[in-house]
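Here is a short briefing on one protein model. Please keep the sequence and the structure in view as you read.

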Amino acid sequence: MFVCLAGSQPPMSSTPVFPLVPAAIPAKCRESGSPLLATEFSNTNLLQSCDGSMRIQRIKKMFDEAHLSVSAYDTAWMAMVPTPTSSMEDSPLFPQCARWILDNQLNDGSWGLARCNPSSTKDALSSTLACILALQRWGLGEQQVTKGLQFLDCNSASLTDQKQHMPIGFDIIFTGMIDYAKDLGLNLPFKSTDVDAMLTKRNVELTSGFGRNTEGRRAYMAYVSEGIQHSQDWDMVMKYKRKNGSLFNSPSTTAVAFSHLRDPDCLRYLCVLLDKFENAAPTIYPLDIRSRLLIIDTLDSLGVARHFTNEMKMLLDQIYRCWLQGDEEIFLDTTTCAMAFRLLRVYGYDVSSDQLSPFSEDCFFNSLEGYLNDKTAVLELHKASQIIYPEEPILDELSSWTMDFLKQEFCNGSIYVDQPGESIKV
């Protein structure tokens with residue numbers, strides 16, 4: 001069967017297509033990803049055609065490095081970081097990010113991915129407002145700012161449209177950006193009634209969990225720091241700092257934290273990121289292990305893995321070494337951990353189900369992914385639980401609660417099933 005999240009479209013045919021690489025944590029804006037194998041495998045029979053060998057060689061090159069598209073939203077927050085040595089904080093620490101914003105506005109005045117789906121307008125509004133704030137912060141791009149404001153005006157009705165896709169933390173982050181715009185002297189073209197409605201929802205979201213001092217809620221509040229800013233508990237936020245210096249591997253969250261705290265580890269992460277991407281940022285970094293797992297999983301599902309045996313073996317060896325080393329990119333992300341466990345075990349690597357013990361039902365729903373009701377993570381956990389040896393109670397329990405969750409989501413209408421008998425996919 002084919003399981004699809006509510007609001008998305010069912011597949012047009014049974015031909016498998018490789019999706020964009022999803023963000024490890026549900027993204028604040030749907031901008032980042034890499035098409036990878038989609039164009040190469042729109043028809044798997046092409047591998048047998050005259051240009052099949054050329055396609056195989058192109059795909060083999062994809063094993064070398066994960067290719068992530070950049071995010072206008074995260075790039076904007078990096079562009080807003082002031083130079084810490086400037087007493088007046090009157091110059092950007094990363095001017096190359098501001099230049100990227102100036103050079104990458106779309107024809108309709110927005111920033112971000114070109115919109116193919118009308119339901120993604122809120123993503124475009126978030127990215128566009130963030131870019132406008134970055135330019136206004138440094139007195140740049142008057143023409144681009146004006147054009148961006150026109151886009152916001154033309155699409156302001158989407159702010160309160162409940163049928164629109166809602167980016168993670170939208171009510172908190174977007175209203176926080178509206179407040180920042182006022183500080184910068186920007187007059188935004190939004191109706192006061194719409195802004196008041198969003199502020200009401202923001203206050204409800206900020207206060208509804210008051211007293212619920214759960215790990216999932218604390219992590220969520222830290223993840224959306226750019227919408228909280230001066231009222232944020234930064235000591236709490238920094239408890240989520242990773243070994244690479246980032247917060248949640250999120251450039252936007254890390255950039256805002258550095259702006260407030262001048263943490264040298266955060267700065268190191270941001271500089272490493274720009275060394276790799278030059279003048280812009282993806283929505284999540286690093287994502288190398290996740291993207292490589294997706295390549296292997298897709299080749300398997302398409303039945304063409306035999307063409308890439310050596311490349312897959314090399315990648316799996318690398319991933320296994322990361323597994324044994326307890327790499328944060330695997331073990332701090334539920335989806336990546338579950339996928340790594342499943343594929344490594346399928347290919348004969350010695351991985352213990354004990355590593356999935358942190359994903360019991362209670363533990364999962366007290367995590368950030370659980371707080372966000374991340375169905376993709378639950379689905380990957382369920383798939384991992386099916387690769388089971390005798391006497392593995394951890395996987396028995398995992399299989400039970402994840403199946404119950406998926407069935408309940410189906411009954412609620414948040415997922416639907418197509419083509420019964422096929423494997424479950426998001």
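Which residue just after α6 takes a positive phi? G185 does, with a phi of about 80°.

The model is predicted, so local features need pLDDT of at least 70, side-chain atom pairs count only at pLDDT 80 or more, and totals for chains, interfaces and linings use all residues. Residues are numbered from 1 along each chain as its sequence is written, and side-chain values use heavy atoms, with hydrogens and water left out.

The protein has 19 helices and two strands. These are DSSP runs numbered from the N terminus: helices are H or I with at least four residues, strands are E with at least two. Of the 426 residues, 53% count as buried. Buried means under 20% relative accessible area, exposed means over 50%, and partly exposed is in between (1.4 Å probe, protein chains only).

**Contacts overall**

- Among contacts between residues at least 6 apart in sequence, 71% join residues at least 24 apart.
- Contact means heavy atoms within 4.5 Å.

- Helix α6 covers residues 170-183. Its 14 residues should span 20 Å at 1.5 Å a residue, and its end C-alpha atoms are 20 Å apart, which agrees.
- The expected span is 1.5 Å times one less than the number of residues.
- α6 is mostly covered, with 10 of its 14 residues buried.
- Those buried residues are F170, D171, I172, I173, F174, T175, G176, M177, I178 and A181.
- The cover over the buried residues of α6 includes α2 (72-79), α4 (121-137), α7 (192-208) and α8 (215-223).
- α4 is itself mostly covered: 15 of its 17 residues are buried.
- The 17 residues of α4 should span 24 Å at 1.5 Å a residue, and the end C-alpha atoms are 24 Å apart, in agreement.
- G139 follows α4 and has a positive phi, near 65°.

- Two packed helices are described by the angle between their axes and the distance between the axes.
- Axes are lines fitted to C-alpha atoms, for helices over the stretch in contact, and angles run from 0 to 180 degrees between N-to-C directions.
- The axes of α15 (residues 334-346) and α18 (residues 375-385) come within 8 Å and cross at roughly 20°. That makes α15 roughly parallel to α18.
- Angles under 35 degrees count as roughly parallel, over 145 as roughly antiparallel, 65 to 115 as roughly perpendicular, and the rest as oblique.
- The crossing of α15 and α18 is left-handed. In a left-handed crossing the near helix is turned anticlockwise from the far one by less than a right angle; clockwise is right-handed.
- From α15, T334, T335, A338, M339, F341 and R342 meet T376, A377, E380, L381, K383 and A384 of α18.
- The residues of this contact are six nonpolar, three polar and three charged.
- Ala, Val, Leu, Ile, Met, Phe, Trp, Tyr, Cys and Pro count as nonpolar, Asp, Glu, Lys and Arg as charged, and the others, Gly among them, as polar.

**Packing of α10 with α11**

- The axes of α10 (residues 251-261) and α11 (residues 264-277) come within 9 Å and cross at roughly 135°. That makes α10 oblique to α11.
- α10 and α11 also make a left-handed crossing.
- P251, T254, A255 and F258 in α10 meet C266, L267, Y269, L270 and L273 in α11.
- The residues of the α10 and α11 contact are eight nonpolar, one polar and no charged.

**Loop residues**

- Y285 and P286 are joined by a cis peptide bond, with omega about 0°. P286 sits in the loop between α11 and α12 (288-302).
- Q229 is not a glycine, yet its phi is positive, near 50°. Its loop runs between α8 and α9 (234-237). Q229 counts as buried, at 18% relative accessibility.
- E391, also not a glycine, has a positive phi of about 60°. E391 is in the loop between α18 and α19 (393-412). At 77% relative accessibility, E391 counts as exposed.
- Y347 lies in the loop between α15 and α16 (361-364). Y347 is partly exposed, with a relative accessible area of 34%.
- Leaving aside neighbours within four places in sequence, Y347 is in contact with I296, D300, A305, M312 and L316.
- Y347 and L316 are 31 residues apart in sequence and 8.4 Å apart in space, C-alpha to C-alpha.
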